[in-house]
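This report goes through one structure for a reader who has not seen it before. Please look at the sequence and the model first.

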Amino acid sequence: MEEKRAITKTEFIQRGYDAADYHFIEEAGTFQARLDLKVWGKRWLECFFTLSDERKILACTFPEVNYLGIAEIPIGSELTLTFEKTARSKRIYLRKATMGKVCP
């Protein structure tokens, strides 16, 4: 059965997940990625991805954009992710996520 549900911070800790290999992306662009895990934060959804080049990244999505639909996407799904730099702060944010196939 595909797991769609994001876990809580408490579940993240209790299950012993290690996020040390995941980092915020430092470049804008479009990437292919697998959704590894989703964790509810205070005001956002933390999304853990492995890019096609095996880099591990963390991206946050926010409720005002319906979490980019990621809240309903099963773990293991392949997605096309688009990251853009904001004009004002020059930070890079996940702006679009399009689902592909579900990986085993």
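This is a predicted model: local features need pLDDT of at least 70, side-chain atom pairs count only at pLDDT 80 or more; totals for chains, interfaces and linings use all residues.

Which residues of the largest nonpolar core touch the most other members?

## Nonpolar cores

The largest nonpolar core has 20 residues, and F49, I70, L81, F83 and L94 are those that touch the most other members. Two or more residues of this core come from each of β2 (29–40), β3 (45–51), β4 (56–61), β5 (77–85) and β6 (92–102). The most comes from β3, which gives four residues.

## Strand β3

How many residues of β3 are buried? The count is seven of seven, so β3 is largely enclosed by the rest of the structure. In a regular strand, side chains alternate between the two faces of the sheet. For β3, one side carries L45, C47, F49 and L51, and the other carries E46, F48 and T50.

## Partners of β3

On one hand, β3 pairs with β2 in the antiparallel sense, over seven bridges. A hairpin of four residues joins β2 to β3. Within this pairing, F49 in β3 is the bridge partner of L35. F49 is also among the core residues that touch the most other members.

On the other hand, β3 pairs with β4, again in the antiparallel sense, over six bridges. Here C60 in β4 is the bridge partner of E46. The hairpin of β3 and β4 has four residues between the strands, and E54 in this hairpin takes a positive phi near 80 degrees.

## K96 in strand β6

K96 lies in strand β6. Apart from its neighbours within four places in sequence, K96 is in contact with L68, T80, L81 and T82. One of these, L81, is among the residues named above for the largest nonpolar core. From C-alpha to C-alpha, K96 and K85 are 13 Å apart in space, and they are eleven residues apart in sequence.

## K90 in a loop

The loop between β5 and β6 holds K90. Is K90 buried or exposed? Its relative accessibility is 54%, so K90 counts as exposed, since exposed means over 50%.

The side chain of K90 reaches the backbone oxygen of A87 at 3.3 Å. K90 and N66 are 24 residues apart in sequence, with 23 Å between their C-alpha atoms.

Conventions
Residues are numbered from 1 along each chain as its sequence is written. Side-chain values use heavy atoms; hydrogens and water are left out. A nonpolar core is a set of buried Ala, Val, Leu, Ile, Met, Phe, Trp, Tyr and Cys residues joined through side-chain atoms within 4.5 Å. Buried means under 20% relative accessible area, exposed over 50%, partly exposed in between (1.4 Å probe, protein chains only). Contact means heavy atoms within 4.5 Å. Two strands pair if DSSP finds at least two bridges between them. A polar contact is a pair of N or O atoms within 3.5 Å; within protein, one must be able to donate a hydrogen and the other to accept it, and residues adjacent in sequence count only if both atoms are side-chain atoms.
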